Amino acid sequence: MNSNRLSNTVATVILWASGFFIVGLLVFFLAYILGQGFKVLSLDFVFGPASQGGVGPQLFNTFYILVLSLLYSVPIGVGAGIYLAEYAKPSRLTNLVRLSTECLATVPSIVLGLFGLIIFVNVLGLGFTILGGAAALALLNLPVLVRVTEEALRTVPHAHREGSLALGSTQWQTIRRVVLPSSILGLITGITLVSGRAIGEAAILVFTAGTSVSRHYPDFNPLVAGETLAVHLWYVRGEPLVANADAVAAGSAALLVLVVLFFNLAIGLPARIYQRRLRGSN
Amino acid sequence: MEVNVENKFVVQNLNLFYKDVQALRSISMEIMKQQITALIGPSGCGKTTFLRVLNRMNDLIEGVRIDGTVLLDDQDIFGPDVDVVNLRKRVGMVFQRPNPFPMSVYDNVAYGPRIHGQKNKSQLDQIVEKSLRSAALWDEVSNRLFKSALGLSGGQQQRLCIARLLAVEPEVVLMDEPTSALDPLSTLKIEELLRDLKNHYTIVIVTHNMQQAARVSDSTAFFLNGDMVEFGPTETLFTRPKDQRTEDYITGRFG
């Protein structure tokens, strides 16, 4: 009896401590990064061109590459996820699709970057481009999107599908009107997750989108090189000849964190409100 | 017997296998138009499986094989030119657990008409009100039509599912233990509703509640281990069963 109570107390303490450790770590990181960066953050720094020491072009490229890569990866990733969750019968082919997805998910991003370097930069001869960077980045996001979509769709109760089919709807009507709307929060969470990763990704983009920015700002041409914020951070820390390297790095890091945070809220909040309307609050 | 009694379904020699297990053995029966036919029997006897044959819901389950014929208005529902989607529009189903979609009461009822192409707003309004009235739910939900259906009580949710089904104007309503998850008062409401609906629809109801079968149905079929042991007018089956096993079951000796 006593030893049960003791182990219960020990377990409670350890689990609480682990939880607090994680929260503490996060708070420390945020406080440190934002504390260092806030001194540097100014309108000129955030939106100004490179010639004035700003990171405006990098910030623009970050979003541009993110949007382009989502344009590639969301239709294919969500499509494959829907296929696996709704259409695929257990078979060799299905297992192969799932296995390929998992293998793709374990490929280190540096390898994807070098792959992109060979394909887009060398074989296709495009050089460092925003387009190539976005395509290589899509490869990183694809498997995660497939997995997240499949899992989000599987949380929709089978009874909803049967209810819809029993009213004489087709399978696609059931998916579009019942299954997708009720799993939208899971899908959005997945897209936010990959977006966060894409915003922070550097290894892939160093080899595909390059470490320089266009002379024009903003430049929508997808066939020019486009350094993102994360790549810029890596670059100024590695390059000895950058003026104010410390300040630029601190500012870029803080901005990166804020961008991810902003992105999560901008997508996550509307999705949550939509979901609450569906579920009803009595 | 009345003269205007017609067949809706004619089932001949139906066998159903789930992988290697035979779940239904040479079932033959006729289901009459505008009557309530009850299917009773202990758990696992095949009554729900049989019900799901009638609108081909078993198609969704891996490894089910069926032989024999099922005629709906003289047309084989397993025939090559039968469109399953159209069949399910004619033969709708209410499930054991209420399964309203996570959307508003209105959208739930309008779901069927919408997928079948009804876009006119005032037409939809009419269909929604008529269906909710038919399901005896209108008075309780008319002031919360645009709130989520998941906020309704279990009994209300089940009547909503019935309304949702009536909105597509099926010819046959299949019900799989529609009151087993409900309290007695909600059960009573649904049974009253069934008696009203019978004037317009052919109803087949699976129930494990023998009193319910006796109260609402015109004909009753007793299933046991995949066989249909006995089928006849409800009154006869409950008062003068022909088969010893039927008598044992209805007198509560097993099951």
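**Where the parts meet**

Modeller: Taken over C-alpha atoms, the centres of domain 1 of chain A and domain 2 of chain A are 31 Å apart. Domain 1 runs over 1-38 and domain 2 over 43-281, with bounds from an automatic or database domain assignment. Before going on: this is a predicted model, in which local features need pLDDT of at least 70 and side-chain atom pairs count only at pLDDT 80 or more, while totals for chains, interfaces and linings use all residues. Residues are numbered from 1 along each chain as its sequence is written, chains are lettered from A and ligands numbered from 1 in the order written, and side-chain values use heavy atoms, leaving out hydrogens and water.

Let's stay with the domains for a moment. Domain 1 of chain A and domain 2 of chain A bury about 420 Å² between them, with 90% of that on carbon and sulfur atoms; buried area here is the accessible area (1.4 Å probe) that two parts lose on being put together, summed over both. On the domain 1 side, Ile33(A), Leu34(A) and Gly37(A) supply 69% of the area buried against domain 2, more than any other three residues. Across this interface there are zero salt bridges, a salt bridge being a side-chain nitrogen of Lys or Arg within 4 Å of a carboxyl oxygen of Asp or Glu. By class, the domain 1 side that touches domain 2 has three nonpolar, two polar and no charged residues. Ala, Val, Leu, Ile, Met, Phe, Trp, Tyr, Cys and Pro count as nonpolar, Asp, Glu, Lys and Arg as charged, and the others, Gly among them, as polar.

Now for the join between the two chains. Chain A gives 22 residues to the contact and chain B gives 28, where contact means heavy atoms within 4.5 Å. Together, chain A and chain B bury about 2100 Å², 63% of it on carbon and sulfur atoms. In chain A, Glu162(A), Ala166(A) and Leu167(A) lose the most area to chain B, together 30% of what that side buries. Glu162(A) turns up again in a salt bridge with Arg52(B), whose closest N and O atoms are 2.6 Å apart. On the chain A side, helix H7 (158-165), helix H8 (171-182) and helix H12 (245-279) each give two or more residues; helices (H or I, at least four residues) and strands (E, at least two) are DSSP runs numbered from the N terminus. H7(A) brings the largest share, six residues. The chain A side divides into six nonpolar, eleven polar and five charged residues.

What sits behind that face? Chain A has twelve helices and zero strands, and its C-alpha atoms fill a box of roughly 65 × 60 × 40 Å along the principal axes. Of the 23 salt bridges over all chains, one joins the side chains of Arg98(A) and Glu150(A) at 2.9 Å, N to O. Arg98(A) is in helix H4 (residues 92-106) and Glu150(A) in helix H6 (residues 130-154) of chain A, so the pair ties together parts 52 residues apart in sequence. Helix H5 (residues 109-123) of chain A holds Ser109(A), whose side chain makes a polar contact of 3.3 Å with that of Glu201(A). Leaving aside neighbours within four places in sequence, Ser109(A) is in contact with Leu140(A), Glu201(A), Ala203(A) and Ile204(A).

One backbone detail in chain A: the peptide bond from Tyr217(A) to Pro218(A) is cis, with omega near -5 degrees. Pro218(A) lies in the loop between helix H10 (203-208) and helix H11 (229-238) of chain A.

Chain B has its own backbone detail: Lys19(B) is not a glycine, yet has a positive phi of about 55 degrees. Lys19(B) lies in the loop between strand S1 (7-18) and strand S2 (21-32) of chain B.

Terms used: A polar contact is a pair of N or O atoms within 3.5 Å; within protein, one must be able to donate a hydrogen and the other to accept it, and residues adjacent in sequence count only if both atoms are side-chain atoms.
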